[in-house]
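Dear colleague,

Please find the structure below, with the sequence alongside. My notes on what was found in it follow directly after.

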Amino acid sequence: MRNAPLSMPHNESERLDILKRYSNMLETLSEHAFDDATSLVSYICGVPISYIAFINENRQWFKSEIGLGFSIVPREITFSRYTIMDSTLVEIHDTLLSERFKDDPDVKGGLKIRFYAGMPLVTPEGYTVGVLCAADHEPRTLNENQRRALHIVARHVITTMELGIKNSELHGQKKIAESAILAKESFLANMSHEIRTPLNAVIGFTELLAGTQLDKQQRVFVQDVQTAGENLLLIVNDILDLSKIESGGLSLELQPFNLKKSLRHVYDLLKVKATDGVEFNLFLDAELPEIITGDQGRLNQIMVNLAGNALKFTAEGEVTISVKNKGETEDGYLIRFSVKDTGIGIPKQHLDTIFERFRQGQEDTTRKFGGTGLGLSIVKELVELHNSKIQVKSREGIGSEFYFTVAYKKPAKIKETPKILPVNDLGRLKILLLEDNRLNQKLAQNVIEGFGFEIDTAENGDQGIELLSENRYDLVLMDLQMPVRDGYQTTRYIRGELKNEIPIIAMTAHSLAGEQHRCLNAGMDGYVPKPFKQHELLEAIKQALKKERRPFIPIKADLSAIEQTDLVKPGWKKEVTSQFILKAPSELKELQRAVYQKDFRSVLQTAEQLQVWLHLFLLKGLSMELAYIEEQAHKKEFTAETADNLDILHCNIQEIIKELQKEKSD
């Protein structure tokens with residue numbers, strides 16, 4: 001029987017391809033579904049042996065079995081090699097009476113099989129990839145209900161496998177989506193830093209200039225620059241924080257403001273953009289209220305976008321901002337805003353898509369006029385935030401009008417908001433600034449010295465650590481993105497190696513969601529986003545100095561699960577900790593090498609080994625850091641944050657090894 005030629009299905013090549021599609025999924029799919037199926041077959045058929053097996057080119061391997069005790073057998077000695085040749089139930093009532101099976105080793109000896117029933121596992125495409133089997137040591141015959149049950153269970157097994165494939169595909173799509181989100185966040189982080197860094201200098205020096213002796217005209221100019229800078233920062237914030245818009249995280253800040261003054265400011269800001277052939281007009285209804293309650297910044301943003309677009313797309317004729325009071329109630333006003341132009345207009349077929357993100361009216365618009373295609377999308381979001389709807393009327397070659405109506409509340413009580421001036425009541429502090437941008441160094445130096453404090457400056461983390469080791473400081477201002485050693489790495493070194501609890505305030509141009517939380521978790525005591533106001537920085541310094549000092553507590557291994565196992569298996573704790581101390585440093589070193597050399601396959605292999613240790617020691621936080629590195633390896637794209645995650649792993653694993661070694665020696 002062993003020497004009989006091995007018969008092959010006519011579609012063997014295609015069958016093996018289909019089986020390979022299932023293979024990876026079968027390794028990860030829950031065992032319970034298959035174990036339940038084999039238990040059910042054993043119970044229904046009343047047999048001591050049942051199993052689910054799959055047959056590749058040279059072996060049969062068992063996904064689940066009862067009564068066998070082994071997991072793999074060569075294909076040429078299996079009963080199933082015949083079953084996969086069929087598409088219906090193969091039932092052998094008595095193997096000793098079967099010419100095919102009577103001389104088989106597992107009939108004459110071995111398992112002493114006398115009864116065999118094999119149901120082919122047929123995929124939706126019609127390929128038999130495996131078998132669902134029932135076997136007994138005694139001859140028997142299945143009844144019709146048992147045969148029907150085998151058919152049902154076999155279909156259930158295939159359905160489970162198909163669901164596994166779908167889940168695997170969905171998981172893959174999820175990974176792709178997560179990678180896209182990570183890529184977007186990385187892009188936003190970099191853009192945030194690159195835009196906010198010079199903007200910090202512009203706004204900061206303007207604020208310093210406003211505090212000097214200026215004549216009336218100069219003060220007006222400085223105020224206009226300040227307002228324009230704040231509006232620019234507001235726009236930058238919204239563009240950089242697209243995720244906030246998508247999640248509905250934007251909200252209106254309702255404060256009384258002078259509507260006419262705000263609109264005139266928008267007009268003054270944009271009139272310099274009007275070309276010689278364009279008349280730029282601002283029409284304000286005589287019945288328009290002076291003071292309303294609303295979000296002045298968001299309204300400015302809407303009007304700057306709409307009027308700026310109108311001026312950009314109008315070569316001759318006119319652009320008109322028109323604002324009218326459409327009605328008044330006891331507690332509010334209904335205000336209609338319109339921006340009308342005689343520009344290029346929008347083709348009728350594109351009117352439904354112009355508010356989509358990154359879309360413009362015509363394909364060649366971007367080439368001719370520039371722009372990101374984000375303006376109208378943001379306008380739509382902000383108008384809807386006002387419980388209104390942006391509308392448009394346009395004719396190609398004639399012009400366009402964008403308009404919307406908003407209900408504003410009347411102010412309860414109008415009172416002047418006093419100007420916030422920074423007041424130093426802290427004495428003469430000595431502050432260490434870690435900042436690599438020369439312009440921002442100069443700005444911070446002027447602001448800090450203006451508070452009456454002393455300041456030393458370092459251009460990177462290593463210089464900062466050296467100064468901190470040699471001098472006494474009251475507080476550290478820490479930029480997060482620096483060369484050599486960034487803000488997070490420097491903070492961990494100050495807290496972990498120097499054991500220094502000096503107050504540290506993060507100063508970052510990233511200002512993304514979660515950044516503040518991450519800074520505090522890294523051991524910092526405060527957070528000031530750039531661009532900053534002088535009073536905001538001084539208040540952050542005051543709060544950090546008042547804050548109760550808390551010792552830096554590094555991540556520690558949780559040995560509870562290991563110790564539980566040690567009770568059942570004495571010596572387990574000693575074996576595991578010894579192996580971790582021995583192997584983790586070399587695995588970590590290999591991971592670092594692979595990351596720096598962009599050896600993505602080695603990164604994944606080494607990360608898998610390290611994850612085993614992290615799960616054993618219940619180090620969930622470090623496991624997440626490592627998972628991010630794995631994610632980047634799958635994308636084949638490492639970033640600055642990858643290096644940061646690697647550094648977090650390295651520092652913490654070293655500390656954990658020190659603690660375990662200390663515990664062993666005690």
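Glu 253 sits in the loop that runs between α7 (242-246) and β7 (255-258). Please bear in mind that this is a predicted model. With a relative accessible area of 60%, Glu 253 is above the 50% cut-off and therefore counts as exposed. Leaving aside residues up to four places away in sequence, Glu 253 is in contact with Gly 294 and Asp 295. A further relation over sequence distance concerns Arg 298: 45 residues separate Arg 298 from Glu 253 along the chain, while their C-alpha atoms are 8.7 Å apart.

Helix α9 itself covers residues 296-312. Its 17 residues, at 1.5 Å a residue, should span 24 Å, and the distance between the end C-alpha atoms is 24 Å, so expectation and model agree. The helix is mostly covered, as 14 of the 17 residues of α9 are buried.

Rolling a probe the size of a water molecule over the atoms shows where empty space is left. The count comes to three cavities of 30 Å³ or more. The second largest cavity has a volume of about 50 Å³. Two or more residues of its lining are given by each of β14 (430-434), α12 (438-450) and β16 (475-479). The largest share, three residues, comes from β16.

Which residues line the second largest cavity? They are Asn 200, Leu 433, Leu 434, Glu 435, Asn 440, Ala 444, Leu 477, Met 478, Asp 479, Met 507, Lys 530 and Phe 532. Sorted by class, this lining holds seven nonpolar, two polar and three charged residues.

Among the lining residues, Asp 479 deserves a separate note. Asp 479 belongs to strand β16. Is Asp 479 buried or exposed? Its relative accessibility is 2%, and because buried means under 20%, Asp 479 counts as buried. Not counting residues up to four places away in sequence, Asp 479 touches Leu 434, Glu 435, Asp 436, Gly 487, Met 507 and Lys 530.

With kind regards

Technical notes
Residues are numbered from 1 along each chain as its sequence is written. This is a predicted model: local features need pLDDT of at least 70, side-chain atom pairs count only at pLDDT 80 or more; totals for chains, interfaces and linings use all residues. Side-chain values use heavy atoms; hydrogens and water are left out. Helices (H or I, at least four residues) and strands (E, at least two) are DSSP runs, numbered from the N terminus. Buried means under 20% relative accessible area, exposed over 50%, partly exposed in between (1.4 Å probe, protein chains only). Contact means heavy atoms within 4.5 Å. The expected span of a helix is 1.5 Å times one less than its number of residues. On a 1 Å grid over the protein atoms alone, a cavity is a set of points where a 1.4 Å probe fits but cannot get out, and a pocket is an open set with protein on both sides within 12 Å along at least five of seven lines; lining residues have an atom within 4 Å of a point. Grid points are joined across faces, edges and corners, and a volume is the space filled by probe spheres set on the points. Ala, Val, Leu, Ile, Met, Phe, Trp, Tyr, Cys and Pro count as nonpolar, Asp, Glu, Lys and Arg as charged, and the others, Gly among them, as polar.
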